[in-house]
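Please work through the exercises below with the sequence and the structure at hand.

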Amino acid sequence: MSSTRTLATGSRVLNQLRNDHRTVALILVVPCALMALLAWIITAADFDQYGPPLLGIFPLIIMFLTTSITTLRERRSGTLARLLSMPIAKTDFVFGYAIAFGLLATVQAVLVSGLCVGFLGLDVLGPAWTLLVVAIVDALLGTALGLFVSAFASTEFQAVQFMPALILPQLLLCGIIVPREDLPTPLRLLSGVLPMSYAVDAMNVVMTSTTVTAEFWRSVLIVALFMLAGLALGAATLRRRTG
């Protein structure tokens, strides 16, 4: 792995995205619109309860979709095959993508967190910057998962089909709908090995604690480890095929 080639890959992706206004809007505008819609349709008390977990989940889902589809386009257009025929490692490609989308994820998290706390009136006990930390890590996790599943899809439709298989079960079991401790034992055990559960756990700490606790950092670390594992798997499963 070469840092120069990794940064060059990230720069190339950012240059491409700069001209892709729809993708940029999907990444930066849609999460803000979803949070504003949520604040509009529920009470302030409910928004304080459901807003923080969804603040972490929406970026994960959007980055998952964006990254998986964009990577698949690279393969189908032949760009990936040309890149991998050059002296560039798979890890350079994967981590270059992670850097590019990670920067966008950071901008996205700043915008959404600022909107929720500064304009929509989201009230949490913990420091506001902890919301930003979780939102960024979740968005990076979505990027890593998107890079991973893109290796198993042949069309953009197939890439989208992975969302109900990988994301929706986590959404059901992460503790937003039913507290994890109230789930049947097999489902509770399953939720313990799903990264979205720890993203919600981290947000719950932000909602209920005035200090940054060890539990918060433990949950963030677990999500970050899932993210790194997803990037490693994405590099391991990357193929030169174009279709």
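Predicted model: local features only at pLDDT ≥ 70, side-chain atom pairs only at ≥ 80, totals over all residues.

Residues are numbered from 1 along each chain as its sequence is written, and side-chain values use heavy atoms, with hydrogens and water left out.

**Exercise 1.** Determine how helix H2 and helix H3 are oriented.

Step 1: H2 covers residues 21-28 and H3 residues 30-41; helices are DSSP runs (H or I, at least four residues) numbered from the N terminus.
Step 2: Their axes lie 4 Å apart, at an angle of about 40°.
Step 3: Angles under 35 degrees count as roughly parallel, over 145 as roughly antiparallel, 65 to 115 as roughly perpendicular and the rest as oblique. H2 is therefore oblique to H3.

**Exercise 2.** Locate the salt bridge of the structure.

Step 1: The structure holds 1 salt bridge, meaning a side-chain nitrogen of Lys or Arg within 4 Å of a carboxyl oxygen of Asp or Glu.
Step 2: Aspartate 201 and arginine 180 form this pair, at 2.7 Å from N to O.
Step 3: Aspartate 201 belongs to helix H11 (residues 195-208), and arginine 180 to the loop between helix H9 (168-173) and helix H10 (185-191).

**Exercise 3.** Is serine 219 buried or exposed?

Step 1: Buried means under 20% relative accessible area, exposed over 50%, and partly exposed in between (1.4 Å probe, protein chains only).
Step 2: Serine 219, in helix H12 (residues 214-236), has a relative accessible area of 1%, so serine 219 is buried.

Note on methods:
Helix = DSSP H or I, 4+ residues; strand = E, 2+ residues; numbered from the N terminus. Axes fitted to C-alpha atoms, helices over the stretch in contact; angles between N-to-C directions.
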